[in-house]
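Hi,

Here is the structure I promised to pass on.

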Amino acid sequence: MAANYEYDDAPAANYEGESGGEGGYDPNFVPDSVKSFVVHMYRHIREKNVYEIHQMCETSFQTLSERLFKETPWPCVEAIAPYVDNDHVFCLLYREMWFRHLYARLSPTLKQRIDSYDNYCSLFQVVLHGVVNMQLPNQWLWDMVDEFVYQFQSFCQFRAKLKNKTEQEIALLKQHDKAWNVYGVLNFLQALVEKSTIVQILEQDKDGLEQFTATDGYDYSGGSNVLKVLGYFSMVGLLRVHCLLGDYHTGLKWLQPIDITQQGVYTSVIGCHIATIYHYGFANLMLRRYVDAVREFNKILLYIYKTKQYHQKSPQYEQILKKNEQMYALLAVCLSLCPQTKLVDESVNSQLREKYGEKMMRMQRYDDEAFVIFDELFSYACPKFITPSAPSFEEPLVNYNQDAYRLQLKMFLYEVKQQQLLAGVRTFLKVYSSISLAKLAKYMEVDESTLRTILLTYKHKTHSVDSDGRIISNADIDFYVNNDKIYVVETKPAKRHGDFFLRQIAKFDAVHIVYHAFKLRNG
Amino acid sequence: MGREIQSPQEQSESYTVEQLVAVNPFNPEILPDLENYVNEQVTSQTYSLEANLCLLRLYQFEPERMNTHIVAQILVKALMAMPTPDFSLCLFLIPERVQMEEQFKALIVLSHYLETGRFQQFWDEAAKNSQIFEAVPGFEQAIQAYASHLLSLSYQKVPRSVLAEAVNMDGASLEKFIEHQVTNSGWIVEKENGSIVLPQNEFNHPELKKNTGENVPLEHIARIFPILG
């Protein structure tokens, strides 16, 4: 698998189509700026200059792509290899970027998808065997995991559109049935988690025996951060893959070693921070733990709201905005099912009203039109679900790329249907402190025994079971029944002063130190 | 392919199925073990969501290996795990065309009744599909436990007729059931009208709700130790 760079035969004609036929692409031509780019990158990697590597990935690579490779791939790896001592690992890294650029700007062919998978295999194997002695920026390591999962998802979608596949493509799919195989993908991610012993590292980190979080995962004592941090990000990758499969429970289990109530390495890369919370929130929405979803969506949306301008130049900016919009949609959905607006910060709330205020009012009505909106927001904001199994090529070739999405959507709307009567009860509970069953039944135009079932549904749907099996109330308005009378209880959210004071103490201390220094200097 | 796994044969001797799932969740070779484990859960009245989700995932990866009888048993066990959302969690992983089969349709209807507190309809429907549950020991008891749970979240005092409907019992069997709950779960029967006073919890007696307001974990406070020191 080592020298698997048969890229010479990447037909130039392939790209003419996409680049509008201007001049043709010569994969072997290396412009001076690229030469200088790889030479510098290679040097910085050898010298473990993390900051410079980061700059080159985030800025130089993007600028060069914009200037020279807008509609063609970068030069093939063989062409640049001589400038980097044919370094095996560097070549793997270069190809990782090469494919990432290709996926972002052009449409990869089936062959390229397969080759990219092989490249990830080689790269991860090198890392897993512990021979990589590098210090790479978190951003890049995150991008690797993120891209790996993205390309897997993209492959599943691509494969599922069987209808317009050529015979040649079908043959290639059959021949390379290991490429982007779901077992392979999951096993790599799991292997990275295990081999890195990241779960134990995080345990020790909590007890102060490790400095993983404090150093953002970097290793300042001469070691490498690559396996550790890849293992860490792989947990987020596993959360995402499980969400794509519809296994929300197991997905959240993979995330458990990361304490998302605190800052951590996952917050050091904005893309990772967003991906983590987006999938965490979505999984909790599907598990009916609306309060958990609302709380975390609120936090990250507030964070994005406050820091958006700093990311404007980042290559991830568009992605950030898209996920931002999707999370507002999911927040709107959560709050329509569980109106805990008190949990939402003022500035997030005003954004939410602006974007979805009207739709939220309509969703509250739970009529046919409301279901259309639930459908619309869910479809817009959900992950791109996949069917992980390989198709059977014998049957008539039909597209099945929508199957997984349709199932999740159907299940979600089913849940919404089950909750459709609850908004009605809530309206009445809001205005009474106690009311007899008979009276409420009359108001709601149902008989008493139906009302009792609606009340039980309300209790059941507003109380979720947390990961430890405890019952947690998600209700803003709750009630209890004593024989034939309903007593209403309004729950007040607990105000959290603890964190506020902790932050202020730290801030005050910082001010105090500055003041002290100032006083010393000025006698 | 980067699979760092030992062969499951040599493991299963010293490992329980639960451990197998924890170590090897993405190994197709544990599929038969997991299927056996589903049967074992049925007979021994135990339950493992992790193992069952793992099996459903493997079916999802290799649909041709799916055994619908096992899937049905997993779903029955998930119903018995109410009020958890396990039934939905399982359905999320079962392709729509499989869900269309009669036995699954019936289970989905039953779950719908449980999810919406319609116990009477549930018991009626369950009676029509008794073949699904007869072979699953503890089924009725599990649903009755869920019904009792949901009632005690909602009621301080529940009329006997409402209870009877929810647990699908009357006459002597209802008496016996209530007696059992009186001894074991702190239920009280009112003398004058036979209503049942359900045990107090923070959901039917909101004043019991602990003031969870301020609970700052030690590790958060530890962060300011250097400052305080």
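**Notes on chain B**

In chain B, 54% of the contacts with a separation of 6 or more are between residues 24 or more positions apart; contact here means heavy atoms within 4.5 Å. Before the rest, some housekeeping: this is a predicted model, where local features need pLDDT of at least 70, side-chain atom pairs count only at pLDDT 80 or more, and totals for chains, interfaces and linings use all residues. Residues are numbered from 1 along each chain as its sequence is written, chains are lettered from A and ligands numbered from 1 in the order in which they are written, and side-chain values use heavy atoms, with hydrogens and water left out.

Chain B has 15 helices and three strands, taken as DSSP runs (helices H or I, at least four residues; strands E, at least two) and numbered from the N terminus. Of its 229 residues, 54% count as buried, that is, under 20% relative accessible area, with exposed being over 50% and partly exposed in between (1.4 Å probe, protein chains only). The accessible surface of chain B is about 10700 Å², and carbon and sulfur atoms hold 50% of that (Shrake-Rupley method, 1.4 Å probe; for residues, only the protein chains shown count as cover).

UniProt, in an unreviewed entry, lists residues 47–206 of chain B as "domain: PCI"; positions follow the numbering used here, the feature name is shortened, and such annotations may be inferred rather than shown by experiment. That span is 64% helix and 5% strand, and its end C-alpha atoms lie 32 Å apart.

One helix pair to look at: the axes of α5(B) (residues 68–80) and α11(B) (residues 139–154) come within 8 Å and cross at roughly 35°. Axes are lines fitted to C-alpha atoms, for helices over the stretch in contact, with angles from 0 to 180 degrees between N-to-C directions. B:V76, B:L79 and B:M80 from α5(B) meet B:F139, B:A142 and B:I143 from α11(B). The residues of this contact are six nonpolar, no polar and no charged.

**And chain A**

Helix α6(A) (residues 110–128) has 19 residues and 17 of them are buried, so it is largely enclosed by the rest of the structure. After α6(A) comes A:G130, with a positive phi near 70°.

A:I170 sits in helix α8 (residues 167–175) of chain A and is buried, at 11% relative accessible area. Its C-alpha atom is 10 Å from that of A:P391, 221 residues apart along the chain. Setting aside neighbours within four places in sequence, A:I170 contacts A:L162, A:K165, A:F393 and A:L397.

Cheers

Terms used:
The expected span of a helix is 1.5 Å times one less than its number of residues. Ala, Val, Leu, Ile, Met, Phe, Trp, Tyr, Cys and Pro count as nonpolar, Asp, Glu, Lys and Arg as charged, and the others, Gly among them, as polar.
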